[in-house]
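Please keep the sequence and the model in view while reading.

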Amino acid sequence: MTTLPQISLENLAADKTRPEECKRLRMACEDYGFFYLVHHGIPKEQIAQAIEASRRFFALPQSMKERFGHAAQGIYPTIARGYSPLHGEILHPDAGRDPKEVFDLGIDNEGDRRPFGGSTLFPDEALAPGFARSLLALQATVLREVVPHLGTALADVIGMEQGWFQRYFSPPTLEQRVIRYPARGGTCAKHTDGGFFTLLLQEELPTRSLQVWLRERWVPVPSLPDSLVVNLGDMLQALSDDRFKSTPHQVAHNGLTDRISLPFFIYPDVDARLTSREGHAFSVSEMMLRNYESVETGNGAGRARELQ
């Protein structure tokens, strides 16, 4: 097996094609936990603009980038927003600190004092032209064009009642990341994602940096033109009563140029308390905070400690 299933968002959104595409989605979730999302409606130019603006931000002097670090953001938990330097994060305790740079943002709401709420402190246009503007524009497109259709379909395939996704994801809690993997050695250690699902927007490079744990081996995942990569998170696994898995994955980038990745981690409303069909219940905020504490204390992300 050298590639992942392809799911069409256009087919999921259309009444005529939805039933058959949902069958294919269910199979992808059961067999892989990962898939390519095609016909997703995000303009290629918008993704390219965000990638180029991000590249310019990461090229700034270190002292300038650190002015927008976690401590300057005023968000709880501290590591939920802002810049993190190379070797600033541990996603698997055995691997140590990842050689990657990160900038985290979310849905800006100045008056939201809940965990993961608030506003992101960005560099201004003079310092990082297009950085905040392109990332927030891309966020708006993803939240409008992709998240409602895909989220509703995923809720359907795990057997939730009609309207469930809209009820618990209006709005969602979002962790949007910008990641730079340095050439010839940028990595992200093996882990699972903690949310409902993740959307990965990335450069179309010849190197197969993303690796997915399937059939008891690491499988390199190529960049498929005009697609997103989607993977299931730990919350979706819990809500499916373990029928679907949040598949472990890692990044090992050995290309000759830096790699920019733009993942969107989609969680329910932070105040929600969710229950699976078999009665497994959990608090979204408690599960999120537990995962962030695990990362901050060096114990890894998601189910990292189960991965040897």
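## Backbone exceptions and overall build

P77 sits in the loop that links helix 4 (62–65) to strand 3 (82–84). The model is a predicted one, and in it the peptide bond from Y76 to P77 is cis, with omega near -5 degrees. P171 belongs to the loop between helix 6 (164–168) and strand 5 (173–181). As background, most peptide bonds are trans, and most residues other than glycine have a negative phi.

E216, which is not a glycine, has a positive phi near 65 degrees. D241 is not a glycine either, and its phi is positive at about 55 degrees. R215 likewise has a positive phi of about 55 degrees. The table sets out the backbone values.

| Site | Feature | Value |
|---|---|---|
| Y76 to P77 | cis peptide bond | omega near -5 degrees |
| R215 | positive phi | about 55 degrees |
| E216 | positive phi | near 65 degrees |
| D241 | positive phi | about 55 degrees |

Where is E216? E216 is placed in the loop between strand 8 (210–214) and strand 9 (217–220). Its relative accessibility is 65%, and exposed means over 50%, so E216 counts as exposed. Strand 8 and strand 9 run antiparallel and are joined by four bridges. The two strands form a hairpin with two residues between them, and R215 is in the turn. L214 stands opposite R217 of strand 9.

D241 lies in another loop, between helix 7 (234–239) and strand 11 (249–253). The relative accessible area of D241 is 22%, so this residue counts as partly exposed, the class between 20% and 50%.

D258 is a further loop residue, placed between strand 11 and strand 12 (259–267). With a relative accessible area of 25%, D258 is partly exposed too. Which residues does D258 touch, leaving aside those up to four places away in sequence? They are R55, R180, Y181, P182, A183, E203, L205 and H253. M235 is 23 residues from D258 along the chain, and the C-alpha atoms of this pair are separated by 31 Å.

Turning to the chain as a whole, there are eight helices and 14 strands. The radius of gyration is 18 Å, close to the 19 Å that the globule rule gives for 308 residues, so the chain is as compact as a globular protein of that length. The C-alpha trace spans about 50 × 45 × 40 Å along its principal axes.

Of the 308 residues, 57% are buried. Contacts between residues at least 6 apart in sequence join residues at least 24 apart in 76% of cases. The chain exposes about 13300 Å², and carbon and sulfur atoms supply 50% of this area. Its side chains include 33 positive and 39 negative ones. The centres of these two sets of charges lie 3 Å apart.

Methods
Residues numbered from 1 in each chain as written. Predicted model: local features only at pLDDT ≥ 70, side-chain atom pairs only at ≥ 80, totals over all residues. Heavy atoms only, no water. Buried < 20%, exposed > 50% of the residue type's maximum accessible area, 1.4 Å probe, protein only. Rg over C-alpha atoms; globule rule 2.2 N^0.38 Å. Contact = heavy atoms within 4.5 Å. Areas by Shrake-Rupley, 256 points an atom, 1.4 Å probe, with all protein chains shown as cover. Lys, Arg positive; Asp, Glu negative; His and termini not counted. Charge placed at Lys NZ, Arg CZ, Asp CG, Glu CD. Pairing = 2+ DSSP bridges.
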